[in-house]
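Morning, everyone. Please have a look at the structure before I start.

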Amino acid sequence: MTDGADPVSPTDHGGSTDGASPDDAAACAEARARATFATDASAAFPLILARANALDEDLAQAPQSARAWAQAVGFDGSTGRFLFAPDSAGGVAAGLFGVGTEDAVAALEPPKEADGRDFTLAGAPVDEEDAALAWALGAYRFDRYKSRSAAARLAPGSEAAREAALAKAIGVYLTRDLVNTPTSDLGPAALEAAARSLAARHGGAAETIVGAALLERNYPMIHAVGRAAAEAPRLIDLRFGSEDLPKVTLVGKGVCFDTGGLDIKPARAMRLMKKDMGGAATALGLADMILRAGLPVRLRVLIPAVENAISADSFRPGDVLTSRKGITVEVGDTDAEGRLVLADAIADADAEAPELLIDFATLTGAARVAVGPDLAPFFTDDERLAADLEAASVFARDPVWRLPLWDGYEADLSSKVADVCSVSATGFAGSTTAALFLRRFVEKAASWVHFDIYAWRPKARPGHPEGGACQAALATLEFLKGRYSPGSGRE
């Protein structure tokens, strides 16, 4: 059947959604992102951004009482150091915030010591839109299950800067919220509901193919991976924009929880597997950004949403699956399920010959070993795309790193019983061999890029709290702006 998922009933967790149901993920993300800004600057205190290597210059913009206080207490502008400076009447004259010797925007986030206060920025020179975005991203808190505390708010100098920052921050909030939500509240049906709420907000069309209909419509590998779970597997398909515009398709891995299947993960490795739908979350967050930016593209978003569970109906190591493209796949490891569901979705996307096909997936531990949790590795055969994407990532302060699609490793995916094995028998270059597996399902797309993301931040840094992470989306947005709206970016 299609469009057959049961509706997800709203639940109330902690009152943290500013009037939006937490199950309307898009509305919830927007409400909370907007709440990080004050619309009235009249009651706001100046927040003086102070560089350690330009302290006198930056503090010159502070009231005299604040400068005297900074000197008295030895304020040195070190990264993250914050203090209130009193006025002559014993009130607050300003806040002082150290940004070290780095780019001031990179170190900026709302000081937790100032929760509930409103500020305007002064001191170290910063681009207003960049600063507003950094503030919003640093203000993020996943408080769906907690009582909410009021973070410090920023009153930007212009409404234009605030709205430009929000056009990106809302998508980041959506991605982080989805990754952070446990599977008990975000299984395949709830992920579908989140996707549908996004489509409704932007006037898009949504179709879902659920359960046995996946076999009827020829998505056999999505069905095989998800058939053992209590919630039926599904393919979520969103479309936006006119048919005559350039086709850009996003595919996101939506494994809402990954036990590893019959090749079960150890407990420690399973602990964070609620984040295994991070590719889907990233695709939805990026889609929101693209639509808010008004890029002239025909946007399609495909999400295979499953839970890799264990039951009598689990798929098995050694099974041979016939993919949507007709390629037969020997299952080498049931814990390498993401590439199977992606392959069917990518084959569907590729059949339309899009101008650009981009997939996001929390695919391999090998990528983390190679580049760690901060970088988002990507693979492509398109040299110009790679160069433009790397340049865009620097502009967006969203680091990506190209890894090789080395043809010499193709033979490592050989199978004695099928066209291809899902994993390499050598154990080497796991991220590359996974990308090579996916490339077999791309034939007609003019350009393809695969991101093997982590979607999690194990420890906080400014603008990036611990927990769910939105990786590569801001870089990809800037790349798309450069390709489809030349001249729209800031110089």
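Start with isoleucine 264. It is in the loop between strand 9, residues 254–258, and helix 10, residues 267–270. Keep in mind that this is a predicted model.

Is isoleucine 264 buried or exposed? Its relative accessible area is 52%. The cut-off for exposed is over 50%, so isoleucine 264 counts as exposed. Ile264 also belongs to a nonpolar surface patch with Leu262 and Ile310. Together they have about 270 Å² of accessible area.

Now threonine 259, in the loop between strand 9 and helix 10. Its relative accessible area is 12%. Buried means under 20%, so threonine 259 is buried. What does threonine 259 touch? Its contacts include Ile264 and Ile310, both from the patch, and also Lys265, Met270, Asn308 and Ala309. With asparagine 308, a polar atom of the threonine 259 side chain lies 2.8 Å from the backbone oxygen.

On to helix 5, residues 128–139. Twelve residues at 1.5 Å each should span 16 Å. The end C-alpha atoms are 16 Å apart, so that agrees.

Aspartate 127 caps the N-terminal end of helix 5. One of its side-chain oxygens lies 3.1 Å from the backbone nitrogen of glutamate 129.

How many of the twelve residues of helix 5 are buried? Eleven, so the helix is largely enclosed by the rest of the structure. Trp135 and Glu129 are among them. What do the buried residues pack against? Strands 1, 4 and 5, plus helices 4, 6 and 16.

That's my tour. Questions, please.

Notes: Residues are numbered from 1 along each chain as its sequence is written. This is a predicted model: local features need pLDDT of at least 70, side-chain atom pairs count only at pLDDT 80 or more; totals for chains, interfaces and linings use all residues. Side-chain values use heavy atoms; hydrogens and water are left out. Patches are made of residues with over 30% relative accessible area and no salt bridge: like charges are joined within 9 Å, nonpolar side chains (Val, Leu, Ile, Met, Phe, Trp, Tyr) within 5 Å. Accessible areas come from the Shrake-Rupley method with a 1.4 Å probe; for residues, only the protein chains shown count as cover. A salt bridge is a side-chain nitrogen of Lys or Arg within 4 Å of a carboxyl oxygen of Asp or Glu. Helices (H or I, at least four residues) and strands (E, at least two) are DSSP runs, numbered from the N terminus. Buried means under 20% relative accessible area, exposed over 50%, partly exposed in between (1.4 Å probe, protein chains only). The expected span of a helix is 1.5 Å times one less than its number of residues. Contact means heavy atoms within 4.5 Å. A polar contact is a pair of N or O atoms within 3.5 Å; within protein, one must be able to donate a hydrogen and the other to accept it, and residues adjacent in sequence count only if both atoms are side-chain atoms. Lists of a residue's contacts leave out its neighbours within four places in sequence.
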